[in-house]
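Here are some exercises to work through with the model beside you. Try each task before you read its solution.

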Amino acid sequence: MSDFTHLDARGHARMVDVTEKQPTVRSATASGLVACGPAVVAALRDGAVPKGDVLAVARVAGIAAAKRTPELLPLAHVIGVHGAAVDLAVHDEGVHITATVRTADRTGVEMEALTAVSVAALAVVDMVKGLDKSVRIADVRLEAKTGGKSGDWHRTA
């Protein structure tokens, strides 16, 4: 068996068996940015985006995405997402997105938090692309995780 637990003895991908692990409280926070030009930032601040409330749509999209992560990532476990918060804020450089996902399950929610940020960012792009096709998604990354065998981790830089 490989030390890399997502590979079987023949080197084929497999889902890690977490049956014997005990459920514990875990959380993960991820962040990202949708970089926008001044005209899009102004439209967001003025509530003047023709498609509607960008931040509300992106928030709901991110929460829904966190709950559907195993449908998108073939080796992700189906776990209970017991809490998901997606926060969006308009800044001069664009829309900052932060997602925190919580569970009491056998495996962590890092992928769920990253998926929430990524899909929320895609929703922002979808809502504003009519105003500016050059918007871009940047810096999607894990910020922190708590719980589980590996313990707590927080990004330092």
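**Exercise 1.** Which backbone oxygen does the side chain of H77 reach, and at what distance?

*Solution.* Before starting, note that this is a predicted model, where local features need pLDDT of at least 70, side-chain atom pairs count only at pLDDT 80 or more, and totals for chains, interfaces and linings use all residues. Residues are numbered from 1 along each chain as its sequence is written, and side-chain values use heavy atoms, with hydrogens and water left out.

Step 1: find H77 in the loop between helix 3 and strand 2. Helices (H or I, at least four residues) and strands (E, at least two) are DSSP runs, numbered from the N terminus.

Step 2: follow the side chain of H77 to the backbone oxygen of V16, at 2.6 Å.

**Exercise 2.** Which residues does the UniProt annotation "binding site" cover?

*Solution.* Step 1: the UniProt record, an unreviewed entry, lists L75, A76, H77, M111 and E112. UniProt positions are in the numbering used here, feature names are shortened, and annotations may be inferred rather than shown by experiment.

Step 1: these residues are spread over 38 residues of sequence, yet they cluster in space, with a largest C-alpha distance of 12.5 Å.

**Exercise 3.** At what angle do helix 2 and helix 4 pack?

*Solution.* Step 1: two packed helices are described by the angle between their axes and the distance between the axes. Axes are lines fitted to C-alpha atoms, for helices over the stretch in contact, and angles run from 0 to 180 degrees between N-to-C directions.

Step 1: helix 2 (residues 54-67) and helix 4 (residues 110-128) pack at about 145°, with axes 7 Å apart.

Step 2: check the contact, which includes A58 and A61 of helix 2 and A116 and V119 of helix 4.

**Exercise 4.** Where does UniProt place the feature "active site"?

*Solution.* The unreviewed entry puts this feature at D126, a residue of helix 4. D126 is partly exposed, because its relative accessible area is 36%.

Definitions and conventions:
A polar contact is a pair of N or O atoms within 3.5 Å; within protein, one must be able to donate a hydrogen and the other to accept it, and residues adjacent in sequence count only if both atoms are side-chain atoms. Contact means heavy atoms within 4.5 Å. Buried means under 20% relative accessible area, exposed over 50%, partly exposed in between (1.4 Å probe, protein chains only).
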